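Welcome! Take a look at the structure, then try each task before reading on.

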Amino acid sequence: MFSIDQILAIAFTLFAVIDIVGSIPVLVSLKEKLGHIDAGKATLASGFLMVLFLLVGEQFLRLFSVDVHSFAVAGSIVIFVIGLEMILGLELFKSGQDVKSGSIVPIAFPMIAGSGTLTTIMSLKANFGEYNILAGIVLNLLIVFVVLKSLNYIERLLGKAGLMVLRKFFGVILLAIAVKIFKSNINL
């Protein structure tokens with residue numbers, strides 16, 4: 001049923017794909033724009049999406065006649081826009097009237113439980129048991145929650161100049177990730 005080796009392999013794979021530590025500059029930027037990030041709500045929404053895709057991901061996409069590659073391309077475009085915002089200092093993603101929804105879009109989806117994460121979860125089903133994947137998801141959600149809860153502390157630790165440098169650097173990294181996801185999922 002449960003295998004520590006499988007759980008660790010799944011947890012490390014998801015940790016690399018989610019890249020919550022690398023997303024800190026983006027999260028701090030969004031927190032400044034939105035005023036507040038509800039760590040609990042973002043973690044729960046991310047967890048819900050991950051478990052949903054574990055159980056019925058492929059069927060759900062098929063219901064809308066969307067294949068995994070199209071889903072990944074759409075997610076890459078959202079990630080690309082967030083990267084542009086970070087580099088250029090523009091606000092392309094408008095938070096709208098309801099700042100509370102910012103914890104869900106774009107933080108829970110597509111940043112944490114984005115196309116890469118959801119596609120990875122569906123792919124892991126080919127080699128690992130669902131209980132082990134679920135355990136790997138839970139471990140990653142704990143890390144996500146701790147990072148989101150610690151954003152104020154991390155922001156103070158790095159300071160304005162440190163955050164600006166990280167924001168620009170990770171903006172370029174996000175653009176590169178978006179291009180890679182786009183390129184690997186588009187059929188030209």
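**Exercise 1.** Among contacts in the chain between residues at least 6 apart in sequence, what percentage join residues at least 24 apart?

*Solution.* Keep in mind that this is a predicted model. Start with the contacts between residues at least 6 apart in sequence. Next, pick out those whose partners are at least 24 apart: they make up 88%.

**Exercise 2.** Work out which secondary structure elements the chain has, and how its radius of gyration compares with the globule rule.

*Solution.* First, count the elements: there are 8 helices and 0 strands. Then follow the sequence, which gives the pattern α-α-α-α-α-α-α-α. Now turn to the radius of gyration, 16 Å: the globule rule gives 16 Å for 188 residues, so the chain is as compact as a globular protein of that length. To picture the extent, note that the C-alpha trace spans about 45 × 40 × 30 Å along its principal axes.

**Exercise 3.** Describe what is buried and what the accessible surface is made of.

*Solution.* Begin with burial, which here means under 20% relative accessible area. By that cut-off, 43% of the 188 residues are buried. Then consider the accessible surface of about 10200 Å²: carbon and sulfur atoms account for 69% of it.

**Exercise 4.** Which helix has the lowest mean pLDDT, and which the highest?

*Solution.* Then go element by element: helix α4 (residues 68-88) has the lowest mean, 79, while helix α7 (residues 130-149) has the highest, 97.

Conventions. Residues numbered from 1 in each chain as written. Predicted model: local features only at pLDDT ≥ 70, side-chain atom pairs only at ≥ 80, totals over all residues. Heavy atoms only, no water. pLDDT = per-residue confidence, 0-100. Helix = DSSP H or I, 4+ residues; strand = E, 2+ residues; numbered from the N terminus. Rg over C-alpha atoms; globule rule 2.2 N^0.38 Å. Buried < 20%, exposed > 50% of the residue type's maximum accessible area, 1.4 Å probe, protein only. Contact = heavy atoms within 4.5 Å. Areas by Shrake-Rupley, 256 points an atom, 1.4 Å probe, with all protein chains shown as cover.
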